[in-house]
Amino acid sequence: MSKIDFYHVNYENLAASAKPAIPDKHPFRQGISWDLLMDVWAAEKNYGPHRVRGPLPTCRPSHIAIRGEQSTERHMARRKLVYEGKAKILYEGPEPGTLVQYFKDDATAFNAEKKDIIEGKGVLNNRLSEFFMTGLNTLGIPTHFIKSLNMREQLIRAVEIVPLEVIVRNYAAGTMSKRLGIEEGTALPRPIVEFCLKDDSLGDPLVSEEHIIAFNWASQQDLDDMLALALRVNDFLSGVMYGVGIRVADFKIEIGRVYEGDYQRLIIADEISPDSCRLWDLKTGEKLDKDVFRRDLGSLTDAYAEVARRLGVLPENPAPISKPTLIN
Ligand code: C5P
């Protein structure tokens with residue numbers, strides 16, 4: 001396939017419509033990976049080579065060229081790495097107070113005891129987090145999200161992360177079920193908000209409001225604001241997901257401080273994606289979140305793609321993730 005053929009496909013349609021028509025000559029049918037396809041889509045939308053780009057997709061060694069593809073490496077600008085976490089990388093943004101957040105394909109669970117690379121996960125989480133953060137911004141629930149850059153990156157506001165994970169639970173599951181012996185799936189009498197200290201070496205322990213104030217991880221005012229934000233996010237997420245037949249059993253958010261003149265305020269940061277939520281199909285109870293990986297329940301990308309498909313943010317069937325056609 002020539003470069004011209006490759007670029008003539010209408011990727012815009014592909015990414016925007018819930019049920020794209022995939023012609024026989026489409027790259028999906030010709031062994032080109034979905035990840036690469038999405039990168040080409042991004043290039044076509046002018047998020048391309050002139051812009052700073054993240055690492056190459058993990059699906060191939062960087063020295064191997066793919067028929068019809070321009071070398072990404074040649075165009076890749078050097079940029080300053082600010083922080084690399086388990087699932088994301090932060091790079092310096094184009095303007096002061098901004099960062100570029102890159103979503104990796106790495107999946108980890110149980111404090112990184114279980115690890116894998118799940119091809120396409122970063123693309124899905126980027127799109128899903130964009131979708132949720134944009135919705136929250138629209139409702140006046142402030143988030144760090146500024147704009148999408150490409151299929152793996154978004155421009156965000158730099159924040160000072162509050163060293164607490166804020167967990168909201170609507171149904172018992174996970175560590176709550178283990179800790180309190182409440183059967184997984186039990187509806188809770190009201191949403192319950194928990195705080196955990198962000199410290200991998202301690203396994204992110206659950207902490208009380210007393211601890212938070214005493215050790216100065218956040219002020220009483222911060223706590224009140226975080227609680228209000230968490231409950232607003234819960235209403236939004238639960239409502240949106242209910243509309244597509246999915247129950248939000250629980251989720252985790254992170255919160256950041258931004259300074260505006262003499263004032264500081266708290267905004268939603270990090271990501272909101274199936275990596276950080278428990279999402280259950282309303283009818284069947286099927287898990288559509290990271291528990292699929294934690295508990296070896298099947299294909300994680302299929303689960304995340306199903307969430308994205310129902311929300312209309314990705315094509316119906318991104319599943320044919322096959323190895324790209326390689327040339328020397
Ligand atoms: O493990 P646990 O039951 O406490 O998790 C509650 C929710 O918070 C789950 O949706 C889980 O995916 C999320 N979580 C997270 N990151 C952590 C801990 C929990 O996204 N470090």
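Two strands count as paired if DSSP finds at least two bridges between them. Strand 7 and strand 8 (residues 153–157) are joined by three bridges and run antiparallel. The model is predicted.

## The chain as a whole

The protein chain has 15 strands and ten helices. Of its 328 residues, 37% are buried. Contacts between residues at least 6 apart in sequence were also counted in the protein chain, and 60% of them join residues at least 24 apart.

Five strands make up an open sheet with antiparallel pairing, and their order is 2-3-4-8-7. The edges are taken by strand 2 (81–84) and strand 7 (145–148); each has a single partner strand, so one side of each lacks a neighbour in the sheet. On average, neighbouring strands of this sheet are turned by 25° against each other, direction ignored.

Helix 5 packs on the sheet and touches strand 4 (98–103), strand 7 and strand 8. The direction of helix 5 makes about 130° with that of strand 7.

## Helix 8

Helix 8 covers residues 220–243, which is 24 residues. At 1.5 Å a residue the helix should span 34 Å, and because its end C-alpha atoms are 35 Å apart, the two values agree. After helix 8 comes Gly245, which has a positive phi, near 75°.

The buried residues in helix 8 include Met226, Leu229, Ala230, Val233, Leu237 and Met241. An α-helix has 3.6 residues a turn, so residues three or four places apart point the same way. Among the elements that cover the buried residues of helix 8 are helix 5 (121–138), strand 10 (187–197) and strand 13 (263–269). Strand 9, strand 12 and strand 14 also belong to this cover.

## Around the ligand

Which residues are closest to the ligand? They are Gly174, Thr175, Lys252, Ser276 and Arg278, out of 14 residues that surround the ligand. By class, the shell has six charged, five nonpolar and three polar residues.

Several elements each supply at least two residues of this shell: strand 9 (160–171), helix 6 (174–180), strand 12 (246–260) and strand 14 (277–281).

Note on methods. Residues are numbered from 1 along each chain as its sequence is written. This is a predicted model: local features need pLDDT of at least 70, side-chain atom pairs count only at pLDDT 80 or more; totals for chains, interfaces and linings use all residues. A residue is near a molecule or strand if its C-beta atom, placed from the backbone, lies within 6 Å of it. Helices (H or I, at least four residues) and strands (E, at least two) are DSSP runs, numbered from the N terminus. Ala, Val, Leu, Ile, Met, Phe, Trp, Tyr, Cys and Pro count as nonpolar, Asp, Glu, Lys and Arg as charged, and the others, Gly among them, as polar. The expected span of a helix is 1.5 Å times one less than its number of residues. A residue is buried if 20 or more other C-beta atoms lie within 10 Å of its own, exposed if 12 or fewer, and partly exposed in between; C-beta atoms are placed from the backbone. Two residues are in contact if their C-beta atoms, placed from the backbone, lie within 7 Å. Axes are lines fitted to C-alpha atoms, for helices over the stretch in contact, and angles run from 0 to 180 degrees between N-to-C directions.
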